[in-house]
Amino acid sequence: MKIKVGDNVKVITGSNKGKEGKVLKIFRSENRILVDGVNVVKKHVKPNRKNETGGILEVEAPIHISNVKVLEKKKETKKETKKEVKEAKEVKEVKAKKASKKKEESK
């Protein structure tokens with residue numbers, strides 16, 4: 001799976017189409033993911049020691065992985081990496097020129 005915890009995803013199908021959120025948890029055996037603020041369902045809870053009043057809680061439910069797509073990261077980071085690659089190429093070219101000059105001088 002290409003989706004990892006912490007990725008920003010967008011829902012492409014279903015009742016939550018168009019919503020965006022961050023991946024909170026992945027259920028690999030079920031091919032489902034839990035996305036923050038997407039597929040919110042109401043869960044009826046009985047009173048217990050943890051929740052003495054009980055009531056109706058709103059909880060995110062997992063959705064199938066095929067219903068989401070990963071959003072690209074910021075374009076600024078891509079531009080920075082391109083600059084670094086160009087600088088690295090220039091450094092290699094300079095080193096190659098220096099090495100060839102030394103060979104010519106020794107002849």
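A residue is called buried when its relative accessible area is under 20%, exposed when that value is over 50%, and partly exposed in between, with a 1.4 Å probe and with protein chains only taken into account. By this rule, 18% of the 107 residues of the protein chain count as buried. The model is predicted, and local features need pLDDT of at least 70, side-chain atom pairs count only at pLDDT 80 or more, while totals for chains, interfaces and linings use all residues. Residues are numbered from 1 along each chain as its sequence is written, and side-chain values use heavy atoms, with hydrogens and water left out.

**View 1**
Helices (H or I, at least four residues) and strands (E, at least two) are DSSP runs, numbered from the N terminus. Along the sequence the elements follow the pattern β-β-β-β-β-β-β-α. The accessible surface of the protein chain, computed by the Shrake-Rupley method with a 1.4 Å probe, where for residues only the protein chains shown count as cover, comes to about 9,400 Å², and 51% of it belongs to carbon and sulfur atoms. A contact means heavy atoms within 4.5 Å, and among the contacts with a separation of 6 or more, 40% are between residues 24 or more positions apart.

**View 2. Five strands form an open sheet in the order β6-β3-β2-β1-β7.**
Two strands are said to pair if DSSP finds at least two bridges between them, and in this sheet the pairing is antiparallel. Strands β6 and β7 (68-70) stand at the edges with a single partner strand each, so one side of each is left without a neighbour in the sheet. Strands β1 and β2 pair over three bridges, and V9 stands opposite G21 in β2. On the other pairing shown here, β3 is joined by two bridges to β6 (residues 63-64), where R32 stands opposite H64.

**View 3. The hairpin of β2 and β3 has four residues between the strands.**
Strand β2 (residues 20-27) and strand β3 (residues 32-35) are antiparallel and share four bridges. The bridge partner of I26 is I33, and that of F27 is R32. In this hairpin N31 takes a positive phi near 55°.

**View 4. The largest nonpolar core has eleven residues.**
A nonpolar core is a set of buried Ala, Val, Leu, Ile, Met, Phe, Trp, Tyr and Cys residues joined through side-chain atoms within 4.5 Å. The members here are I3, V9, V11, V23, I26, I33, V35, V38, I63, I65 and V68, and β1 (8-11), β2 and β3 each supply at least two residues of this core. In soluble globular proteins, nonpolar side chains tend to be buried together. Leaving aside neighbours within four places in sequence, V35 is in contact with V9, G21, K22, L24, E60 and I63.

**View 5. L34 lies in strand β3 and N16 in the loop between β1 and β2.**
L34 counts as buried because its relative accessibility is 15%. The C-alpha atoms of L34 and V23, which are eleven residues apart along the chain, are separated by 5.9 Å. Beyond residues up to four places away in sequence, L34 touches K22, V23, L24, K25, F27, E60, A61 and P62. N16 is also buried, with a relative accessible area of 12%, and, apart from its neighbours within four places in sequence, N16 is in contact with V11, V38 and N39.

**View 6. V41, L57 and V59 form a nonpolar patch on the surface.**
Patches are made of residues with over 30% relative accessible area and no salt bridge, where like charges are joined within 9 Å and nonpolar side chains (Val, Leu, Ile, Met, Phe, Trp, Tyr) within 5 Å; a salt bridge is a side-chain nitrogen of Lys or Arg within 4 Å of a carboxyl oxygen of Asp or Glu. Together V41, L57 and V59 have about 200 Å² of accessible area. V59 is placed in strand β5 (residues 55-60) and counts as partly exposed, because its relative accessibility is 33%.
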